[in-house]
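Please keep the sequence and the structure in view while reading.

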Amino acid sequence: HGQQPSETETSGTTAIAAQDNRSADGIRLAFLRHMRRTIGKPVEFSNTLDQYRAMAHLVRDRVMDDWITTVESYVQHNVRVVCYLSAEFLLGPHLLNAMLNLGITDSAEKACDELHYSLTQLADEEPEPGLGNGGLGRLAACYMDSMTTLEVPAVGYGLRYEFGIFRQEIRDGWQVEHSDKWLEYGNPWEIPASEATQHVSFGGHTETTKDEKTGELIWKWVPAFTVKGVAYDTPIPGYRNKQVNRLRLWKAEAEDSFDLEIFNRGDYMGAVRDKMESETISKVLYPPDETEQGKRLRLMQQYFFTSCSLQDMVRLHKLQKLPIEKFADKWSVQLNDTHPSIGIAELMRILTDEEEIGWDEAWTITQATFGYTNHTLLPEALEKWPLPIFASLLPRHIEIIYEINRRFLKDMQAKFPGDTARWARMSLIGEDGEKQVRMANLAVVGSKMVNGVAKLHSELLKEDTLKDFYEAFPNRFTNVTNGVTPRRWLMLADPPLTALLNEVLGTAWHTDLYALRGLEDYVDDAGFLDKWRKRQEESKGRLGDFIKRSMDVSLNPASMFDVQVKRIHEYKRQHLNALHILGLYCRIKSGELKDLPPRTFLFGGKAAPSYTYAKLMIKLVCTVGELVGKDPQTKDLLRVLFVPDYSVSLGQRIYPAADLSEQISTAGKEASGTGCMKFMMNGAVAIGTLDGANIEIREEVGEENFFLFGLTAPQIAEKQKAGYRPRDFYEKSPLLREVMDGLRDGRFSNGDRDTFAPLVRDLLEVDRYFVMADFDDYARAQSEAGKIFCDSKKWSRMSLLNTARSGKFSSDRSIREYCQNIWKINLDR
Ligand code: CR6
């Protein structure tokens with residue numbers, strides 16, 4: 001590790017040594033200096049946003065010092081570098097996270113006290129960089145934190161979207177989207193890196209010439225236009241280890257931002273047209289989550305950031321005077337889903353066309369460079385590009401893909417003689433109907449390793465989605481179960497819980513989450529369990545305060561907080577949850593249910609703007625909320641709240657307050673899920689199906705500490721084959737019938753029979769996600785959870801064991817596995 005530089009900081013007449021720059025005094029002085037010099041205001045005139053910005057700048061200064069020494073040491077030791085390519089990085093707010101990792105939170109709080117500010121208020125001013133949709137983007141952010149904490153030399157590469165995920169408003173129960181202007185007042189956490197600017201070509205055609213000496217064909221791409229990629233770096237500090245890695249996000253700019261000649265001819269709009277067109281590439285994050293978006297612009301985004309990133313690696317490789325043949329020894333590139341998988345063709349293009357390496361050697365290097373992580377089994381989410389779009393944008397790459405495919409299919413023909421159906425399934429080009437480029441096939445063929453994100457998911461990939469490839473290359477397949485960083489999701493989210501854990505366990509668990517097992521010594525300690533319960537109630541109180549402030553709704557902290565926060569999707573089945581609440585409503589109204597423990601049902605999450613069904617699910621939740629909240633018979637027992645604009649920072653408020661964690665996806669559909677892990681760490685007990693990471697959570701925590709229900713993945717597959725009839729379940733279950741009839745007849749919606757008609761029809765006729773089939777068993781598991789919640793000692797015990805046994809779900813464990821099994825990086829240097 002490097003040493004702190006011994007420069008001095010000055011503020012007016014006071015000079016303090018840099019060693020002091022993490023003390024309260026040092027922070028206060030640096031704050032005042034940034035207020036004058038960076039913000040440009042006398043401190044008396046500053047508002048909270050100014051104060052946040054001054055604080056952000058001084059924290060950044062401290063991160064930068066460590067960054068410089070980290071970079072120097074990487075260069076000096078010529079380390080192997082992991083490049084994590086991802087279309088999304090959902091980082092969440094930086095300020096408090098950076099303070100936590102640097103270990104300066106206490107000093108900063110003290111400095112704020114002296115200045116009469118509240119650190120939390122000032123931190124609330126930070127606009128959240130919402131450069132991701134959900135789990136996949138947040139996973140990339142957790143992995144950056146863990147890689148740096150484990151001292152893995154790493155660069156995250158992605159896109160610097162000007163507009164991140166939309167801001168969600170709920171109006172009359174419907175989702176309304178607003179654009180997210182996170183860069184409006186500048187971003188103190190990024191630094192433009194001018195030396196790294198790249199140029200990316202699109203369109204045009206290819207030409208071949210014969211090499212005069214060898215007679216070999218030489219390929220040349222004559223593009224139609226190029227776009228400039230400007231790098232913006234965000235430093236990612238590790239946990240208390242003075243290491244800082246780089247997140248490099250690319251912004252698209254026009255090569256020539258303003259055409260003076262056109263302007264002088266009087267065509268004012270024409271003069272900026274180029275600029276506008278080029279900049280569209282990094283303008284906005286695509287909001288669909290797990291649905292295919294067959295858009296030309298999306299392909300342009302993917303190629304743009306992937307090409308910039310690979311060109312950047314080649315530039316750095318040469319800067320260090322390393323031979324290009326050794327590319328794969330220096331760089332290990334991980335593809336976060338198929339979005340950057342065009343990189344396989346791009347590296348082949350760079351190596352063969354530009355570096356003039358022969359095809360076979362280039363292919364060996366390429367395959368040794370890439371690893372591919374698959375994040376979904378939903379067929380509609382596996383990316384395929386219509387051939388005409390692909391070929392017109394990337395004429396050279398389509399030729400390269402054809403050549404990869406020709407050689408690959410030749411191998412497959414030798415391996416599986418006569419099996420034409422298999423060759424057709426495996427081909428990189430889909431020929432059923434319109435011709436398509438299949439990005440998942442390209443990713444598998446061009447990578448050394450392929451992994452799923454939870455045990456079940458990785459098995460299903462081998463048995464089903466990628467079966468042919470598994471049979472061809474069995475050793476290429478592995479699993480790395482997802483994880484989340486305990487720094488943000490436990491320490492930052494729940495400081496009182498952190499303090500309690502530190503008190504009984506010390507601090508080893510901060511970087512070795514398995515150390516939480518030490519909590520098990522207290523499972524039968526009545527005094528400690530009581531403390532545990534009180535702490536949980538305080539967490540609920542804090543969330544209650546926030547909801548009171550932001551939504552003007554009062555929650556009952558003694559009620560069970562039953563929470564489902566995640567993207568809104570049919571397979572995640574928020575409607576199953578809502579239908580169950582309607583079931584409770586009916587049973588209370590009929591007098592069947594009397595001594596029900598009060599429950600607060602919290603929902604949060606965004607629906608893709610074009611996903612009508614998901615938007616209707618939000619409307620359903622809000623309608624149920626209105627119904628039970630108004631009815632005098634239910635309003636004290638049931639409260640249902642849809643919290644708008646779910647985000648990383650909102651998640652940090654919600655997870656610590658949850659009693660029950662809803663993980664109710666149709667078995668076999670949720671690749672992993674990561675919210676379940678954040679709940680578990682914070683002591684929530686899960687109700688869930690045997691899906692994704694739930695299975696491993698249940699394995700770790702013990703079946704007696706998990707509320708299991710529902711069909712298993714094999715049962716679902718079987719039902720699907722035999723012909724599933726949702727109506728049979730409706731007819732068999734009186735409660736389900738009452739709920740569905742009520743919904744159809746407008747009983748729950750003031751007589752409105754139209755709004756939910758499409759949903760009722762779908763559930764009774766099609767029900768792709770087996771809501772009807774799982775309804776009764778879900779209600780059973782829910783009622784069991786309700787009963788146990790009434791026994792507060794028993795519940796606290798379950799809750800404590802969830803935290804104690806969450807060690808496996810730290811992203812530190814995931815990153816160790818990536819290092820060992822995929823990246824070949826030795827962590828015990
Ligand atoms: N939507 C999976 O659905 C998984 C994350 C991260 C998802 C989810 O189960 O936990 O990735 N998949 O691995 C995609 O985005 C394609 C997700 O976030």
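## Domains

This is a predicted model, and the domain assignment of the protein chain gives three entries: domain 1 (8-68), domain 2 (78-93 + 128-482 + 816-823) and domain 3 (533-797). The centres of domain 1 and domain 2, taken over C-alpha atoms, are separated by 38 Å. In the contact between these two domains, 9 residues come from domain 1 and 8 residues from domain 2. On the side of domain 1 that touches domain 2, the residues divide into 5 nonpolar, 1 polar and 3 charged.

## The ligand shell

There are 18 residues around the ligand, and of these Gly 135, Leu 136, His 375, Ala 671 and Ser 672 come nearest. By class, the residues of the shell comprise 5 nonpolar, 9 polar and 4 charged.

## Helix α21 and its two partners

Helix α21 (residues 526-551) takes part in a packing with helix α20 (residues 495-505), in which the two axes come within 10 Å and cross at roughly 160°. That angle is over 145 degrees, which makes α20 roughly antiparallel to α21. The crossing of α20 and α21 is right-handed, and the contact is made by Pro 496, Leu 497 and Leu 500 of α20 together with Lys 531, Arg 535 and Glu 538 of α21. By class, this contact of α20 with α21 has 3 nonpolar, no polar and 3 charged residues.

Helix α21 also packs with helix α32 (residues 792-804), here at an angle of about 80° and with the axes 9 Å apart. These two helices, α21 and α32, are therefore roughly perpendicular to each other. From α21, Leu 529, Trp 532, Arg 533 and Gln 536 meet Ser 792, Lys 793, Ser 796, Arg 797, Ser 799 and Leu 800 in α32. The residues of the contact of α21 with α32 fall into 3 nonpolar, 4 polar and 3 charged.

## Helices α22 and α31

Helix α22 (residues 574-589) packs with helix α31 (residues 771-790) at an angle of about 60°, and their axes are 10 Å apart. At that angle α22 and α31 are therefore oblique to each other, and their crossing is right-handed.

The contact is made, on the α22 side, by His 575, Leu 576, Leu 579, His 580 and Gly 583, and on the α31 side by Val 771, Asp 774, Phe 775, Tyr 778, Ala 779 and Gln 782. Taken by class, the residues of the contact of α22 with α31 divide into 6 nonpolar, 4 polar and 1 charged.

Conventions
Residues numbered from 1 in each chain as written. Predicted model: local features only at pLDDT ≥ 70, side-chain atom pairs only at ≥ 80, totals over all residues. Axes fitted to C-alpha atoms, helices over the stretch in contact; angles between N-to-C directions. Helix = DSSP H or I, 4+ residues; strand = E, 2+ residues; numbered from the N terminus. Parallel < 35°, antiparallel > 145°, perpendicular 65-115°, else oblique. Left-handed = near helix turned anticlockwise from the far one by under 90°. Contact = placed C-beta atoms within 7 Å. Nonpolar A, V, L, I, M, F, W, Y, C, P; charged D, E, K, R; others polar. Near = placed C-beta within 6 Å. Domains from an automatic or database assignment.
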